[in-house]
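Hello,

Here is the structure I promised to hand over. My notes follow below it.

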Amino acid sequence: MNDLRHFAINADDLERARGFYQGVFAWRIEPWGPPGFYQIRTRAEGAVAGALQERRAIVAGKPMFGFECTFAVADVDAAARAVVAHGGRIVMDKA
């Protein structure tokens, strides 16, 4: 368990980012869900799916830069305690 299940890329210019990732990695990036949201399918069968989405403020009113990663864990509270025990900090409530 504890596998990476999903990733999200946040961008200010979605069309530019879409062209970049399609061109560099040959990913399929197609509109999905609400406006400003795309689903990413990498080329490998069974690979982790992703999202390309408009950058927004999600942590303490600050914009997200980089990748958001979602990991599958058996117990969210135990994982949070392990994060803190190993020097990390919790910046968002669980959802």
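Which residue in E4 stands opposite Tyr38? Leu52 does. This is a predicted model, where local features need pLDDT of at least 70, side-chain atom pairs count only at pLDDT 80 or more, and totals for chains, interfaces and linings use all residues. Residues are numbered from 1 along each chain as its sequence is written, and side-chain values use heavy atoms, without hydrogens and water.

The sheet comes next. It is open, has 5 strands in the order E2-E3-E4-E1-E7, and its pairing is mixed. (Strands are DSSP runs of E, at least two residues; helices are runs of H or I, at least four; both are numbered from the N terminus. Two strands pair if DSSP finds at least two bridges between them.) E2 and E7 (67-71) are the edge strands, each pairing on one side only.

Now E3 (residues 37-41). E2 (residues 28-31) runs antiparallel to E3, and 4 bridges join them. Ile29 stands opposite Ile40 of E3. Pro31 has Tyr38 in E3 as its bridge partner. The E2 and E3 hairpin has 5 residues between the strands, and Gly33 there takes a positive phi near 80°. E3 also pairs with E4 (residues 49-54), again antiparallel, over 4 bridges. Tyr38 and Ile40 lie on the covered face of E3. Phe37, Gln39 and Arg41 lie on the uncovered one.

Last, the helix. Val24 sits in H1 (residues 14-25). Val24 counts as partly exposed because its relative accessibility is 48% (buried is under 20%, exposed over 50%, partly exposed in between, with a 1.4 Å probe and protein chains only).

Best wishes
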